Amino acid sequence: MNNMLTPLTKNELLQIFDDTALNVLELCMKKYLLSQPERLVGQYPLPIQAPKEYIEQWIIQALGSTPINNRSYSLDIIKPDEFAADIKVISCKLNVYGELSDTTSGEISLSQNPHMNLNHNFIQQNYDTITNNLIEILKDKLSKVTKELCVNKLYYIFILRTDTKFHLCAANINIDNLNIISTNKEKTTSTSIFINNIIDDNFGNAKIYKSKKRLELRLKPKYWVENNYTITFNFNDFIPPMVNLRKLVEEKNNNISECLQYLIRGYIKNE
């Protein structure tokens, strides 16, 4: 079935992220681990947290690409004459065994119209009107990128984030297939509209939420990982050292430089 998004296989992903790019990403991630909070003695490790802006910068560095600083474009980065991409960081749920659960991920916004009277259209069951409006907004934004930045290939680059792992994956954006997107009236309810032809059901789904006034995409991370559509950076072995920072500062006579050296040596030893 033709869809707006076509997930890249691992081999296709490696055409974008060569060995150097993957090593740069690993370097950025490991360097970032140095800033994770130290635990007190007996305290459980906290999940590894990294803001979207940092991850976006890691990918810019890894690909040798350029940030798109104009907010009128819907994408984040460009490699001139090659492609433009939007970077999406998505939280994933784990089961009680610490494995990816068989559920959808957190949501990411694809299109939004805060000025549209969704309440009225939902009451009138004008579901196609709502769908067409948000898809047209998305199409205009993506077409603007291809025309004004002179690139033919567009991607969503996803980082699927769990407590100790980052799964890298991506999907090709097929602008022409936006014309065949439609409302799934069988699944649509009084509060949300399910959308056809955004992405294959095995990989995720898309909905328009009445309350949020936007079109959202949710992925199915377990399927992506188990079917070899991701490159995984695994930091299961990373355990932040247990350090009482107050005691450390006192022992080093409030010498911050010595404290930093002590902490960095601890991380390098663990590495």
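Predicted model: local features only at pLDDT ≥ 70, side-chain atom pairs only at ≥ 80, totals over all residues.
Let's start with a term we'll need: a residue counts as buried under 20% relative accessible area, exposed over 50% and partly exposed in between, using a 1.4 Å probe and protein chains only.

Residues are numbered from 1 along each chain as its sequence is written, and side-chain values use heavy atoms, with hydrogens and water left out.

The term salt bridge means a side-chain nitrogen of Lys or Arg within 4 Å of a carboxyl oxygen of Asp or Glu. Side chains of opposite charge can pair when their charged atoms come close.

The salt bridge count for the structure comes to 12. Another one of them is between Glu 56 and Lys 52, whose closest N and O atoms are 3.0 Å apart. Both residues lie in helix α3, four residues apart, or about one turn of the helix. Helices (H or I, at least four residues) and strands (E, at least two) are DSSP runs here, numbered from the N terminus. Glu 56 is buried at 16% relative accessible area, whereas Lys 52 is partly exposed at 28%.

Now hop over to Lys 185, which forms a salt bridge with Asp 128 at 3.0 Å, N to O. Lys 185 lies in the loop between β8 (182–184) and β9 (192–196) and Asp 128 in helix α5 (residues 127–148), so this pair ties together parts that are 57 residues apart in sequence. Lys 185 is exposed at 54% relative accessibility, while Asp 128 is partly exposed at 33%. The loop between β8 and β9 also holds Glu 186, which is exposed at 81%. From C-alpha to C-alpha, Glu 186 and Asp 19 are 45 Å apart in space, and 167 residues apart in sequence.

What about the strands on either side of that loop? β8 and β9 run antiparallel and are joined by three bridges; two strands pair if DSSP finds at least two bridges between them. Thr 183 stands opposite Ile 195 in β9. β9 also runs antiparallel to strand β10 (residues 204–209), with four bridges joining them.

Next, the rings. The structure holds 12 aromatic pairs. Rings of Phe, Tyr and Trp (its six-membered ring) pair if their centres lie within 6.5 Å, with planes under 30 degrees apart counted as stacked, over 60 as edge-to-face and the rest as tilted. Tyr 32 and Trp 58 have ring centres 5.7 Å apart and planes at 65°, so the pair is edge-to-face. This pair links distant parts of the chain, with Tyr 32 in helix α2 (residues 19–33) and Trp 58 in helix α3 (residues 52–63), 26 residues apart. Both Tyr 32 and Trp 58 are buried.

Phe 158 and Trp 224 make another edge-to-face pair, 5.8 Å centre to centre and with 80° between the planes. Phe 158 is in strand β6 (residues 153–161) and Trp 224 in helix α6 (residues 221–226), 66 residues apart. Phe 158 and Trp 224 are both buried, and both belong to a cluster that ring pairs build from Tyr 156, Phe 158, Phe 203, Tyr 223, Trp 224 and Tyr 229.
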